[in-house]
Amino acid sequence: MSSSLTTAPDTLALEIGRAAFASPAHALCMLDADLRLVALNEPAAHLIAGARDRIGQGVREVFPGAAGADLERRCREALASGRIATFEASHPSLQVWCDVHACPTPTGLVLFFRDASARQRLTSVARALEAREQELALIFHQAAVGLMLTDAAGGLRLVNQRFCQILGRSAEALKGLSFKAYTHPEDLARNAELFARGLATGQPFQLEKRYLRPDGAIVWCAVHVSFVTPAAGGVSSILVLAEEITARKAAEASLATKEQLLQIVVDSVDDLIFVKHRDGRFALTNRALDEACGELIGLTTSERFDADLADGYEAVDQRVMETGAPQTVEEIIPVKGAPRAFQTVKVPWRCADEIVGVIGVSRDVTERQRAEAALRQSEALNRSIVEGSRDSIVLLDLAGRIVFANLAGLAQLGARSLAELQGRAWEDAWPRNARRRLQQALENARRGRVGKLSGSLREQASRTWWDVVVSPVLDDQGRPRQLLAIARDLTPEKQAEERIRWSATHDALTELPNRRLFSARLQGAIDAARGRRTAAGLLLLDIDNFKLVNDTHGHGVGDQLLRQFVARLRRLVRAGDTLARLGGDEFALILPDAGAREDLAGKARAILSALEAPFDLEGLRLACRASIGASLFPDDGRSAQDLLTNADIALYRAKARGRAGVEVFTPALRADYDAGASMRALAQDALARRLITPYFQPKVDLADGQVVGFEALLRVREPGGAIHPPSAIRAAFDDVVLSTRIGEHIIRQVLSTARGFLERSLSFGAISINCSAAELSAEDFPLRLLRWMSEAGLRPEMIELEVTEDVVLGHGADQVTRALTELRQAGLGIAMDDFGTGYASLAHLKALPVSALKIDRRFVSELATDGGDEAIVRTIIQLGASLGLKVIAEGIENRDQLAVLRRLGCAYGQGFLFAAALPAREATHLLQSRRSLLPGHGP
């Protein structure tokens with residue numbers, strides 16, 4: 001570079017030169033016209049090494065070498081041109097790079113040196129950076145891996161050609177696309193998760209993923225993502241390096257497929273297959289080995305098996321690897337902990353002609369060894385087994401002649417020794433009716449098939465069942481050479497089966513058909529009658545009071561009675577009739593061709609007549625009667641179920657009328673039965689909904705009208721409020737279970753009401769409760785009643801039980817009497833209700849634990865007008881007085897009746913004249929009022 005020099009006056013130039021020469025900011029050297037150093041200032045002395053010692057020397061001496069020559073050339077050019085020359089200089093004599101200004105003067109040159117090292121360094125750095133950038137650009141664009149640089153938001157900055165090839169997109173096409181646009185959907189979630197984590201932490205990550213090209217092609221890549229994080233924090237840019245590994249993945253997949261196929265192949269083999277490295281560690285096992293011994297990969301035999309076994313395995317391994325020869329050994333291998341015998345073949349595992357391990361295949365020979373041992377034993381045991389068999393085993397030649405027979409065969413064929421049979425035709429030893437079938441079985445066996453014969457054979461009077469199999473004994477060519485006949489006597493099994501079938505359809509005690517066979521016979525009788533257009537009859541019989549026999553004399557006597565009962569019935573049964581036991585004391589008689597309804601009733605009466613004579617049972621003479629219900633097909637039902645149901649309805653009526661009777665079904669019975677069923681249903685519903693409740697009718701002292709007690713009377717309340725008497729559920733009291741539940745419900749409520757009276761300090765005398773035979777027949781009834789009273793805090797005298805003559809003298813009278821006696825002894829009152837209407841004698845009355853008599857309302861209703869009734873009432877009152885019993889008159893409805901009763905000396909009574917039955921609340925109010933209930937004494 002050069003510029004023109006303006007000439008100033010000498011004085012001015014001199015001043016300027018002096019000022020510049022004295023300036024500490026510039027290094028100046030003065031050269032004469034011959035370019036010899038004339039002078040230099042202090043900064044130049046520091047800048048130019050040894051310059052003070054070179055004053056007077058030429059430029060080449062001050063700055064020796066090529067650099068000095070260049071400086072001299074530049075200075076001469078400036079002198080020649082007369083213009084200022086500017087250039088850069090660096091020389092060992094100069095401490096730093098300098099900008100040099102060569103200024104011509106009248107006497108020579110002035111050289112101005114300015115330090116340019118900083119700029120030079122920057123220039124050098126810039127040049128180096130430029131060179132580095134060029135190198136990096138070359139590397140970036142020519143790299144064998146894909147490279148991409150984006151900003152933190154994913155905006156594309158740089159992408160090399162390789163990455164574009166991987167993605168199948170140009171750099172321009174990649175602008176504005178997120179990595180999600182060309183990432184395989186199955187890899188996207190994992191990629192996104194790692195990217196989000198790296199973006200947040202700045203930590204690089206690696207993954208193997210699939211890129212999708214626009215044409216749908218998939219490219220596998222190993223991807224490394226780095227985040228550039230400046231000192232200020234955050235992420236400024238992202239560098240993505242992608243190396244395509246599609247070929248590697250394909251190779252891996254191929255290898256995996258081959259390994260999988262290999263594993264499938266070895267896993268399909270039942271033998272144990274394994275490969276071991278030279279160090280004894282398992283490299284491969286099949287499924288059978290894994291299942292037998294557990295996972296072995298990576299383990300040695302000594303790490304899994306006992307030492308004695310492992311030593312043996314490893315010794316064989318060593319021989320194989322040392323000799324290179326296969327080895328076959330028999331060894332024990334534990335399978336799931338149990339020792340098994342194996343035959344193992346081991347061969348060397350070679351890689352590149354080097355033995356690197358052992359390959360082994362172990363076959364389980366445990367069963368084979370056992371089979372061989374068993375075979376050896378079987379030859380010795382075979383004859384004993386054959387001889388010990390209960391089957392008839394006979395060996396025949398192809399003509400059917402006997403060659404050999406075991407002991408059972410000798411017995412079956414009627415011989416004592418084999419000599420008696422050898423050479424005889426086998427089928428000749430069988431009954432004639434079986435020979436044709438036996439010959440057919442032999443012929444099938446001769447043709448190579450199995451001949452069979454099963455069935456019953458009759459020999460004279462006996463009948464036997466046999467199962468016969470004739471099999472061919474084949475030679476080496478598969479042709480029959482002998483015949484083997486095995487015959488099994490099934491007679492015991494068949495007889496047992498017949499007994500089982502008989503037991504399934506018959507009653508063991510009486511040997512009569514049971515309910516199952518009865519149902520089939522009844523249906524058969526109906527079908528036959530329908531086909532012949534005739535009638536069929538059904539009688540249902542129930543032994544009266546049979547439970548009492550069992551309870552009193554024991555089940556042994558009861559069983560004898562049933563057998564004798566059946567024996568009498570059998571004498572009345574015709575051929576074709578079916579007498580069956582349906583269960584317990586219930587029997588049925590099916591009468592095909594029953595005739596008319598009168599004939600059916602006559603048959604039933606004949607049965608009752610046959611039962612009139614007492615039965616003799618182990619010294620006992622017992623009367624045994626029965627109730628009979630009858631129905632007739634088709635009049636009383638067109639199906640077996642209808643006929644049975646209607647006969648049962650008739651039986652129910654017969655028992656209700658007093659037992660030992662006959663009832664033939666009529667539609668009216670069905671109506672009564674349905675009405676009873678409705679009553680029972682009503683009672684069950686009312687009981688469940690607590691609509692059955694006691695009402696309390698006062699018992700009064702006839703002298704002053706004061707309440708001396710109550711009689712609890714059952715009432716049925718409708719949800720709407722209407723009240724019904726016990727007759728609304730009358731049929732429920734014929735059901736023992738339902739009757740007992742109702743009775744317990746009433747007793748509980750009565751005790752609760754009495755407890756309420758006590759809590760209010762009300763004196764109520766005693767409350768009477770009506771009890772049925774069903775309740776009193778329960779052995780634990782007294783105990784339960786006393787416990788309930790105790791829980792309610794009631795004293796025994798506060799409760800009185802009322803029973804009718806039917807209850808104390810009817811079925812189960814002994815148990816009823818025991819219960820009443822136990823309760824009377826505990827302090828409860830016992831009242832005989834409706835006294836005088838039954839058949840109780842004075843002897844009965846004396847034997848019963850009665851504390852009170854109740855005169856039935858039928859005697860009281862006509863008391864004022866009927867002298868006979870007055871005499872009866874007088875007798876009852878006097879009887880009560882004689883026996884020390886309290887007497888209460890029921891049904892007092894007018895003053896005349898009251899007057900007569902007073903005159904006759906009756907102390908107590910109850911009836912509408914005093915009060916109707918009251919609910920518990922009103923009874924409480926009555927007691928609280930303490931008023932007299934005599935007419936004219938109350939409000």
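## Helices over the antiparallel sheet

The model is a predicted one, in which local features need pLDDT of at least 70 and side-chain atom pairs count only at pLDDT 80 or more, while totals for chains, interfaces and linings use all residues. Residues are numbered from 1 along each chain as its sequence is written, and side-chain values use heavy atoms, with hydrogens and water left out. Helices (H or I, at least four residues) and strands (E, at least two) are DSSP runs, numbered from the N terminus. Angles run from 0 to 180 degrees between the N-to-C directions of axes, which are lines fitted to C-alpha atoms, for helices over the stretch in contact; contact means heavy atoms within 4.5 Å.

Two strands count as paired if DSSP finds at least two bridges between them. Strand β7 (residues 146–151) pairs with β8 in the antiparallel sense over 3 bridges, and Met148 stands opposite Val159 in β8.

## Ser237 in β11

Ser237 belongs to strand β11. Its relative accessible area is 7%, so Ser237 is buried (under 20% relative accessible area; exposed is over 50%, partly exposed in between, with a 1.4 Å probe and protein chains only). With neighbours within four places in sequence left aside, the contacts of Ser237 are Leu149, Thr150, Asp151, Ala152, Arg157, Ser226, Phe227 and Val228.

## Aromatic pairs

A pair of aromatic rings is described by the distance of the centres and the angle of the planes. Rings of Phe, Tyr and Trp (its six-membered ring) pair if their centres lie within 6.5 Å; planes under 30 degrees apart are stacked, over 60 edge-to-face and the rest tilted. The rule gives 13 aromatic pairs. For Tyr182 and Tyr211, the ring centres are 5.8 Å apart and the planes stand at 50°, so the pair is tilted. This pair links distant parts of the chain, 29 residues apart: Tyr182 is in the loop between α7 (171–174) and α8 (185–201), and Tyr211 is in strand β9 (residues 205–212). Tyr182 counts as buried because its relative accessibility is 4%, and Tyr211 is buried at 2%.

Phe274 and Phe282 form an edge-to-face pair, 6.0 Å centre to centre with 75° between the planes. Both Phe274 and Phe282 are buried. One aromatic cluster is made up of Phe179, Phe195, Phe205 and Phe227.

## The β12–β13 hairpin

Strands β12 (residues 272–277) and β13 (residues 282–285) run antiparallel and are joined by 3 bridges. Phe274 has Thr285 in β13 as its bridge partner. The hairpin has 4 residues between its strands, and in it Gly280 takes a positive phi near 90°.

Another group of 5 strands forms an open sheet in the order β23-β24-β22-β27-β28, with mixed pairing. Its edge strands are β23 (578–583) and β28 (662–664), each pairing on one side only. Neighbouring strands here are turned by 20° against each other on average, direction ignored.

Strands β22 (residues 536–543) and β24 (residues 586–592) run antiparallel and are joined by 7 bridges. The partner of Leu539 in β24 is Leu589. Helix α17 (residues 515–532) lies across β22, β23, β24 and β27 (626–633), at about 25° to β24.

## Nonpolar cores

A nonpolar core is a set of buried Ala, Val, Leu, Ile, Met, Phe, Trp, Tyr and Cys residues joined through side-chain atoms within 4.5 Å. The largest has 78 residues, and Phe710, Ile742, Ile767 and Leu801 have the most contacts inside it. Helix α23 (residues 736–759) gives the most to this core, with 8 residues. Beyond its neighbours within four places in sequence, Ile742 touches Ala683, Leu687, Ile692, Leu714, Ile729, Ala732 and Phe733. A separate core has 33 residues, including Ala601, Leu608, Cys624 and Leu632.

## Charges over rings

A charge sits over a ring if NZ of Lys or CZ of Arg is within 6 Å of the ring centre and within 35 degrees of the ring normal. The charged end of Arg568 sits over the ring of Phe615, 3.6 Å from its centre. For Lys886, the charged end sits over the ring of Tyr908 at 5.7 Å from its centre.
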